[in-house]
Amino acid sequence: MARALESMAKTEALFREVNERIATAAGGFGSDDAEFVCECADPTCVDRVEVPLEVYEEVRSEPTTFILANGHEEGSIEKVVETRRRFQIVEKANRKVVAVVKKLDPRRVEPGLKPG
Ligand SMILES: [Zn+2]
């Protein structure tokens, strides 16, 4: 069970990495929104969600919040905190999962590490 949770968390962290690259590219083009991949726990999910970059940045500022296609939440590890017309924002609610996604946060600043 613990292993399944960890693998779900890793799947979501991987989708988040992909979205970080999408956000960077979209920002470079000066767009207001971008098509992101659904950050749900299903490794076979190929759904896309159109999210304003502003909202994406807000979600990403918290290591435990993720963007999902509507209805893709996994009740055992996360809770929906906001539902929009085309996507929803979830927050990790499981201690183990929170630990994994925090560790894998692409925006995590390593203590003592210089930027750049
Ligand atoms: Zn999904």
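Author: Two strands pair if DSSP finds at least two bridges between them. Strands (E, at least two residues) and helices (H or I, at least four residues) are DSSP runs, numbered from the N terminus. This is a predicted model, in which local features need pLDDT of at least 70 and side-chain atom pairs count only at pLDDT 80 or more, while totals for chains, interfaces and linings use all residues. Residues are numbered from 1 along each chain as its sequence is written.

The protein chain has three helices and five strands, and along the sequence they follow the pattern α-β-β-α-β-β-β-α.

Start with β1, residues 33–37, and β2, residues 48–52, which pair in the antiparallel sense over five bridges. One of these bridges joins Glu35 to Glu50 in β2. In a regular strand the side chains alternate between the two faces of the sheet. Along β1, Ala34 and Phe36 point to one face and are buried; a residue is buried if 20 or more other C-beta atoms lie within 10 Å of its own, exposed if 12 or fewer, and partly exposed in between, with C-beta atoms placed from the backbone.

The remaining strands form an open sheet of three in the order β3-β5-β4, with antiparallel pairing. Its edge strands are β3 (65–68) and β4 (78–83), each pairing on one side only. From one strand to the next the twist averages 35°, where axes are lines fitted to C-alpha atoms, for helices over the stretch in contact, and angles run from 0 to 180 degrees between N-to-C directions. β4 and β5 (residues 88–92) pair over five bridges, and Glu82 has Ile89 in β5 as its bridge partner.

Now the nonpolar core, a set of buried Ala, Val, Leu, Ile, Met, Phe, Trp, Tyr and Cys residues joined through C-beta atoms within 7 Å. The largest one holds 23 residues, and Phe36 and Val51 are among those that touch the most other members. Each of α1 (2–28), β1, β2, α2 (53–60), β3, β5 and α3 (95–103) supplies at least two residues of this core. Helix α1 gives the most, with four.

Val51 shows how the parts meet. Leaving aside neighbours within four places in sequence, Val51 is in contact (C-beta atoms, placed from the backbone, within 7 Å) with Asp33, Ala34, Phe36, Tyr56, Ile67 and Phe87.

Key:
Contact = placed C-beta atoms within 7 Å.
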